[in-house]
Amino acid sequence: MSDRVNLNNSLLLVPVGSLIVPAHPPAPSPILLSIAIPTYKESQNIETLVSKLCYLLDPVLRDRYELIIVDDDSPDRTWEIAQSLIPQYPQLRVMRRIEERGLSTAVVRGWQVARGFVFGAIDADLQHPPEILLQLWEEIKKGADLAVASRHIEEGGVSDWNIFRRILSRGAQILGLTILPGVVGRVSDPMSGYFLVKRDAIAGKPLDPIGYKILLEVIGRGDIRCCREVGYIFQERQEGESKVTAKQYLEYIQHLLRLRRSLWPVERFLRFIAVGATGLVVDLSLFYLLRTEWGLGLTRSAILSAEVAIINNFLWNDLWTYRDKSRPQKGWKKWFKRLLKFNAICLAGLILNVLLVNILYNLLHVNEYAAKLIAIAVVTFWNFWINLKLQWRTTEIG
Ligand code: GDD
Ligand code: MN
């Protein structure tokens with residue numbers, strides 16, 4: 001019972017640590033849809049919004065939805081006003097953040113305590129017309145992983161924006177398309193802050209948004225297979241004021257660049273290649289020494305020199321290529337585990353290498369050296385990727 005109704009009207013605890021949404025709700029729950037509403041100085045809008053949302057959702061979902069207001073300690077005490085609405089709207093939950101700030105992180109913090117299996121985000125200032133929510137919900141029910149309210153498809157638009165604002169908005173989108181085409185190009189309105197997404201699509205993914213555009217993060221890091229859009233008219237603000245300043249444009253660019261770096265880790269890959277090159281030098285020179293100076297057998301020399309090269313590569317990669325990921329994994333035990341895993345990955349890479357050369361040469365009749373080159377390229381990439389995903393990944397729970 002207390003799961004459904006917020007009996008004591010208490011504020012939600014603010015999650016701390018990384019911005020990862022858990023795969024399951026904190027406790028088994030009948031809730032289907034959880035909508036996060038970020039607020040900052042929205043005291044004049046909050047009651048209207050909550051009443052409209054409940055009026056719309058009650059007939060469709062009865063008590064199987066929740067509204068999670070995440071307020072950043074607004075000086076107009078939005079959180080307090082929201083809290084006072086709970087007795088009237090039992091689906092409402094309120095979080096007051098003191099230490100953290102920002103629209104996007106507010107949305108994620110809300111989702112972290114959410115109990116539903118579909119998450120939503122909507123602005124509190126009524127610029128996002130609540131009615132559209134039902135259409136978004138329909139799209140999710142039809143199988144979409146992500147349903148976005150868009151200003152840039154049929155039935156969509158902006159109320160009375162001047163030409164300057166339109167150019168700025170479109171400019172930001174074009175900039176996004178050049179920096180991150182794969183993400184920004186996925187939807188017609190990547191700047192939208194009005195959407196629904198399935199928990200499954202983003203659970204376990206470390207979200208790392210800056211500023212306003214949480215949808216970029218959801219598309220970029222989430223596992224979105226089916227995506228649908230619903231047109232809407234971005235309404236004019238009636239009460240309160242927008243918090244957008246030049247800072248948000250800078251943050252947007254920063255966010256795009258950060259996302260690109262982590263989705264296409266070019267710099268990291270180049271480091272990995274450089275380390276690989278040192279490994280090659282170590283491998284060949286040691287092999288030469290063992291053979292000619294110490295007269296060791298061929299197989300022994302090859303294994304020994306390869307192992308030393310693997311250790312060399314591991315040390316550099318751990319200290320340099322994947323530094324950001326290895327540093328939080330403290331202690332020599334974890335270090336040793338990483339070394340063993342690196343060895344295993346290299347061994348698997350070697351097997352893959354031999355297999356590829358054989359397939360290319362024997363089955364596809366590719367020239368021997370070309371076959372070897374292709375195999376090296378594929379295995380290098382494979383090694384890099386597996387190491388990134390398995391080895392130096394940040395495993396953080398809760
Ligand atoms: N918790 C929290 N913390 N909420 C915030 C913060 C913050 O730092 N800054 C803004 N908000 C809340 C506002 O109270 C409002 O509910 C919502 O986030 C949007 O903020 P606005 O300041 O009204 O921004 P806008 O109207 O320019 O908004 C938007 O642009 C897009 C379309 O261009 C974005 O907010 C998108 O959601 C929107 O679709
Ligand atoms: Mn607004």
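Modeller: Asp125 counts as buried because its relative accessibility is 6%, where buried means under 20% relative accessible area, exposed over 50% and partly exposed in between, with a 1.4 Å probe and protein chains only. Gln127, at 8% relative accessibility, counts as buried as well. These two residues are the protein donors of the manganese ion (ligand 2), Asp125 through OD and Gln127 through OE1, lying 1.9 Å from it. Donors here are N, O and S atoms within 2.8 Å of the metal (3.2 Å for Na, K and Ca), and water is not among the atoms, so sites may look incomplete.

This is a predicted model, in which local features need pLDDT of at least 70 and side-chain atom pairs count only at pLDDT 80 or more, while totals for chains, interfaces and linings use all residues. Residues are numbered from 1 along each chain as its sequence is written, chains are lettered from A and ligands numbered from 1 in the order in which they are written, and side-chain values use heavy atoms, with hydrogens and water left out.

Most residues other than glycine have a negative phi. Leu126 lies in the loop between strand 5 (118-121) and helix 4 (132-141), where helices (H or I, at least four residues) and strands (E, at least two) are DSSP runs, numbered from the N terminus.

Asp125 and Gln127 also belong with ligand 1, since they are listed with Glu42, Asp72 and Lys243 as the closest of the 26 residues that surround ligand 1; a residue is near a molecule if one of its heavy atoms lies within 4 Å of it. By kind, the shell around ligand 1 divides into eleven nonpolar, seven polar and eight charged residues. In this division Ala, Val, Leu, Ile, Met, Phe, Trp, Tyr, Cys and Pro count as nonpolar, Asp, Glu, Lys and Arg as charged, and the others, Gly among them, as polar.

Several polar contacts, that is, pairs of N or O atoms within 3.5 Å, can be followed from the ligand to the protein. A nitrogen atom of ligand 1 is 2.6 Å from an N or O atom in the side chain of Asp72. On the oxygen side, a backbone N or O atom of Gly102 lies 3.3 Å from an oxygen atom of ligand 1, and an N or O atom in the side chain of Asp123 is 2.9 Å from an oxygen atom of ligand 1. Taken alone, ligand 1 exposes 740 Å², and the protein buries 93% of that, with accessible areas coming from the Shrake-Rupley method with a 1.4 Å probe and, for residues, only the protein chains shown counting as cover.

Strand 2 (33-39) and helix 3 (103-113) are the elements that give two or more residues to the shell around ligand 1. Helix 3 is itself mostly covered, with eleven of its eleven residues buried, among them Leu103, Arg109 and Trp111.

For orientation in the whole chain, the protein is divided into domain 1 (33-262) and domain 2 (266-397), with bounds that come from an automatic or database domain assignment. The C-alpha centres of domain 1 and domain 2 lie 43 Å apart.

Definitions and conventions
A polar contact is a pair of N or O atoms within 3.5 Å; within protein, one must be able to donate a hydrogen and the other to accept it, and residues adjacent in sequence count only if both atoms are side-chain atoms.
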